[in-house]
Amino acid sequence: FAVKGGKFTFYVPEGFPAPAKFTFDNLYSHYGDETYYGNTSSTNHARYFFVKSPYEQTAANVYNRNNADSYTTKILTEKTGDKKFTFNNASTVGSAGGYFEEYAFTPSIYTKSTTQGGAGGTFNDFTFNQTEMANGITKTAYLFTCDEPRYNIAPTTATQHVYYAFYEMKIDMQTKTYQPILTWEKVYDENKTFENGGKTDSKWGLTLTTTETVDDHGTHSGYLTVTQIIDAIDNKFDGVQGLDSKDEVAPKSKDQILYIDGSKLMSIVENQTSTTSGETTTYTSHPKSDLMAELDKNALIYLPYGSKSSDDNFAFNTIENYTETPMFRAANDIVLTDKYAFYAPYDIQVDAAKVVKYERQISKSSYSPVKCASIILPFEIDLTKAAEDATSFKLYNMQPTNAIKTYEDDPKPWAYFHDLSEEASKSEANKPYLLQVSGDNVSDNVSFIIKQHAAKITKTTKGETVDEMNYLYPGTTSSGTFNDGAGHEGGKTYQFTSYGTFSGLEIPREAGIFYYAQGRFLNSNTLAADKVKALPFRSFYTVSPSSNTAKFSTLDIIFGEGIGDEPDAIRELKQEADLAVQAGHGTLTIASKADNNVRINGVNGISRYNFNMKAGDVKTVNVPAGIYIVNGVKILVK
């Protein structure tokens with residue numbers, strides 16, 4: 001069980017309601033069989049339940065209980081025993097010799113006196129009163145569990161073949177109030193999310209500790225309640241730095257907070273507050289989820305060891321020793337919102353049953369039907385399962401060498417992009433890529449979702465500095481030769497390096513970057529605007545040398561590794577006796593003399609049409625002006 005030995009100390013604020021009652025639920029055992037927690041692959045066989053659980057209370061005899069009941073009725077109890085039970089005389093035989101004896105146990109036998117073979121115990125609520133809490137009294141709870149037969153095949157009154165055991169828990173509940181300390185860290189300066197009316201406020205992280213520690217070594221801060229934390233942020237504590245209206249030592253508003261690190265605390269207490277109107281007192285509960293209210297959409301909250309939550313974007317420390325490097329596990333899903341800044345000070349491992357989810361809306365360009373986007377994500381993507389529970393997509397990198405190609409009838413440069421899955425089974429976290437959404441349906445706006453089970457959020461390291469506090473994360477570097485018209489014999493070689501951002505950036509036009517838009521990469525030098533807006537979770541290419549790049553205003557895309565040659569989808573014009581293709585103004589007319597499958601691709605290899613024709617059929621399709629390949633025949637449409 002998750003329960004461990006030793007004494008459990010719980011701290012609560014002064015005035016905590018009494019009696020304080022402990023209940024025990026979610027008592028999961030790794031030895032449970034496949035019916036527990038959906039563990040269908042389990043090879044274990046324990047079918048356990050707890051004494052005084054709802055399941056045990058349905059009948060006195062194990063064979064008369066409904067074994068079809070949900071396992072959740074078996075693994076919780078509100079009652080604990082107040083005494084041990086001796087199941088055998090092993091300790092006596094071991095010291096004085098004699099015969100080994102076992103003593104039967106049932107809940108009713110447990111309540112009998114020791115002379116009657118019982119323990120003289122009772123099952124009661126486990127509570128602490130005000131005096132016990134004020135004096136730090138330690139009390140012991142005994143949780144009794146039973147492993148029942150694998151199948152209850154028939155009602156019977158015969159001897160029950162079951163095994164009982166108990167777990168001893170020493171619990172110390174103390175009243176003490178700790179004062180909060182808020183330590184702020186600016187993680188992004190002049191953040192460029194371009195959301196919320198174009199706000200460009202900085203982004204911050206918050207670490208929570210207390211003025212006192214709970215041990216002599218100073219390794220554990222005390223506890224804080226949910227309302228203490230919220231009140232401290234809202235400047236309701238004297239001497240505690242909360243929000244700062246000048247945005248100098250702390251953020252101006254909560255929506256600038258990208259993470260709260262409470263992992264150094266002993267615990268974060270979900271508490272109640274009360275308001276009284278006349279003779280009526282109203283109590284309001286404050287769960288941990290209240291901490292998320294008003295924070296940035298991608299905010300993460302790191303909880304202390306032993307904490308739990310069922311909310312998204314919470315993680316808890318799995319290392320009990322606070323002097324060691326913390327390791328965090330997601331409490332539920334991690335959900336990332338596009339266009340909003342992101343920062344993770346620690347890695348977060350997500351369980352196999354949970355997901356990291358990122359959703360994106362792609363606007364289809366009027367210039368190109370290709371559904372692509374530049375992207376950078378803080379987790380690996382399993383490329384073998386990229387389409388699982390999500391829109392099908394592929395990730396691409398620009399080809400490392402010979403990346404640029406020009407055509408005789410189309411002198412502008414094209415860039416080769418090859419499928420990442422051909423060289424790797426996973427993408428890299430914090431690395432930029434070009435993403436292509438696949439599928440035949442081309443809508444004006446394509447929404448796609450990336451879901452990864454058992455993924456790991458990789459902490460946000462400080463990448464290459466842009467301007468004090470904002471960072472870029474480099475990806476691949478590619479090179480290619482292009483005749484830029486500057487008199488370089490054989491053309492000039494340029495180097496392209498991809499960079500991604502989690503903060504959002506405004507990049508000066510003269511920087512000469514290539515950013516993705518309108519189905520291609522555009523040169524910022526050709527812009528009328530002064531700056532390029534790079535949103536969070538986006539990437540772009542820098543080019544070196546940057547001089548004279550205005551000579552090529554765009555980089556059109558060819559999907560498929562070319563190694564300096566034309567990709568497979570583009571071949572020299574050839575004759576097909578059974579298929580005639582004629583280009584019109586914005587149209588292609590195909591006449592088939594035999595049964596044919598007709599494939600129409602753009603020059604970048606992307607499929608536009610795929611249909612079957614019967615002998616004698618004539619079909620006209622509408623396409624924008626450009627170069628197309630019809631069953632290997634290259635056609636120019638004006």
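Trainee: How many disulfides does the structure hold?
Mentor: Zero disulfides, counting a pair of cysteine sulfur atoms within 2.5 Å as one. Keep in mind that this is a predicted model, where local features need pLDDT of at least 70, side-chain atom pairs count only at pLDDT 80 or more, and totals for chains, interfaces and linings use all residues. Residues are numbered from 1 along each chain as its sequence is written, and side-chain values use heavy atoms, with hydrogens and water left out.

Trainee: Okay, is Cys146 buried or exposed?
Mentor: Cys146 is buried, at 1% relative accessible area. Buried means under 20%, exposed over 50%, and partly exposed in between (1.4 Å probe, protein chains only). Cys372 is buried too, at 5%.

Trainee: Switching topic: how many salt bridges are there?
Mentor: The count is 24, taking a side-chain nitrogen of Lys or Arg within 4 Å of a carboxyl oxygen of Asp or Glu.

Trainee: Which residue does Lys84 form a salt bridge with?
Mentor: Glu168, with the closest N and O atoms 3.7 Å apart. Lys84 sits in the loop between β4 (79-81) and α1 (90-96) and Glu168 in strand β7 (residues 163-175), so the pair ties together parts 84 residues apart in sequence. Helices (H or I, at least four residues) and strands (E, at least two) are DSSP runs, numbered from the N terminus.

Trainee: And what about Asp234?
Mentor: Asp234 forms a salt bridge with Lys254, at 3.3 Å between the closest N and O atoms. Asp234 is partly exposed at 30%, whereas Lys254 is buried at 12%.
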